[in-house]
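Please look over the structure shown here before reading the notes that follow.

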Amino acid sequence: MTDQKIFNELKNAVLSYDADAAVKATKSAIQAKANPMELIEKALVPAIDKVGDKFEKMEIFLPDLMLAADAVKASTSLLLPLIPKGGKGVKATVVVATVQGDVHEIGKNIVASMLMARRFNVIDMGVDVKTSDLIEEAKKQKAKVICASALMSSTLGSQKDIVDFLASTGDRKKFAVLIGGGPTSQKWADEIGADGWGKDANDAVRLTEKYDKRK
Ligand code: B12
């Protein structure tokens with residue numbers, strides 16, 4: 001079990017918009033053998049959520065939000081490679097992306113890393129990925145699953161575009177389309193005809209494993 005002091009140090013680094021302090025806290029947490037996923041879930045995510053709330057209430061402004069995000073990214077870039085990889089062999093190919101119009105990447109990166117740790121062949125296309133490019137790549141790579149992340153109400157429509165685009169080209173059944181991100185929900189997934197919705201990276205892995213078993 002990780003010491004509360006370690007979580008607090010990392011949380012406070014994000015809350016004070018300090019990437020250097022986040023790196024320092026992450027390095028000492030790693031040295032203390034803290035669990036990387038626990039650090040992400042119990043320190044980084046609550047801290048960036050708190051910053052997001054302050055931004056929504058206009059208590060802070062975009063430059064602070066950007067600095068806090070930099071602190072989270074600096075820490076996750078040290079933690080994500082440490083997630084233990086299990087077993088041998090490679091499972092299905094999964095294309096992961098943040099949808100067109102959306103540059104939020106932290107959650108998408110966590111999803112991609114967790115899938116890699118579970119031996120999926122992950123093609124991470126990055127952020128603000130054009131719907132047609134995403135589908136072209138999924139076809140080229142013979143992917144089984146597409147994971148699409150959207151963090152804003154204004155970009156939810158891009159998730160629907162993926163499902164609609166596949167239907168319009170007769171390719172809908174070739175891929176399981178999984179969606180996630182802040183404003184998404186099971187209701188939204190049902191509404192747009194996505195195959196699954198997940199609240200976190202564990203759900204992304206669970207659903208991908210389910211569709212990997214499908215013929
Ligand atoms: C960090 C951040 C930023 C950073 C992003 C940095 C980066 N490199 O990623 C920066 C500063 C760049 C930014 C910019 C903007 N942001 Co911003 N941002 C956030 C913030 C605070 C945190 C997001 C985050 O990283 N969370 C942590 C991760 C771990 O969580 P997550 O992404 O939800 O992912 C988890 C799950 O959702 C799930 N998941 C994610 N994807 C998927 C996919 C699948 C398939 C599955 C199964 C699961 C899954 O698993 C993940 C891990 O557990 C949120 C507030 C919030 N609480 O979400 C606002 C927020 C998303 N941003 C917001 C806004 C408005 C903006 C800007 C428009 C601001 C502006 N005026 O310019 C721009 C957008 C630019 C654009 N075109 O995209 C709003 C959106 C409001 C809305 N509902 O539409 C929010 C909600 C803040 C707010 N409350 O007002 N932002």
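Because domain 1 (4-82) and domain 2 (93-213) both give residues to the shell around the ligand, the ligand lies between them; the domain bounds come from an automatic or database domain assignment. This is a predicted model, in which local features need pLDDT of at least 70 and side-chain atom pairs count only at pLDDT 80 or more, while totals for chains, interfaces and linings use all residues. Residues are numbered from 1 along each chain as its sequence is written.

**Shell around the ligand**

- The ligand is surrounded by 40 residues, of which G52, G107, S149, G180 and G198 are the closest (a residue is near if its C-beta atom, placed from the backbone, lies within 6 Å of the molecule).
- Helix α3 (36-56) gives the largest share of this shell, seven residues (helices are DSSP runs of H or I with at least four residues, strands runs of E with at least two, numbered from the N terminus).
- At least two shell residues each come from α3, α4 (62-79), α5, β3, β4 (176-180) and α9 (201-213).

**Strand β1 and its partners**

- Five of the six residues of strand β1 (residues 93-98) are buried, so this strand is largely enclosed by the rest of the structure (buried means that 20 or more other C-beta atoms lie within 10 Å of the residue's own, with C-beta atoms placed from the backbone).
- Strand β1 runs parallel to β2 (residues 121-124), joined by four bridges, and V95 has I123 in β2 as its bridge partner (two strands pair if DSSP finds at least two bridges between them).
- Strand β1 also runs parallel to β3 (residues 145-149), with five bridges, and T98 stands opposite S149 in β3.

How values were computed:
A residue is buried if 20 or more other C-beta atoms lie within 10 Å of its own, exposed if 12 or fewer, and partly exposed in between; C-beta atoms are placed from the backbone.
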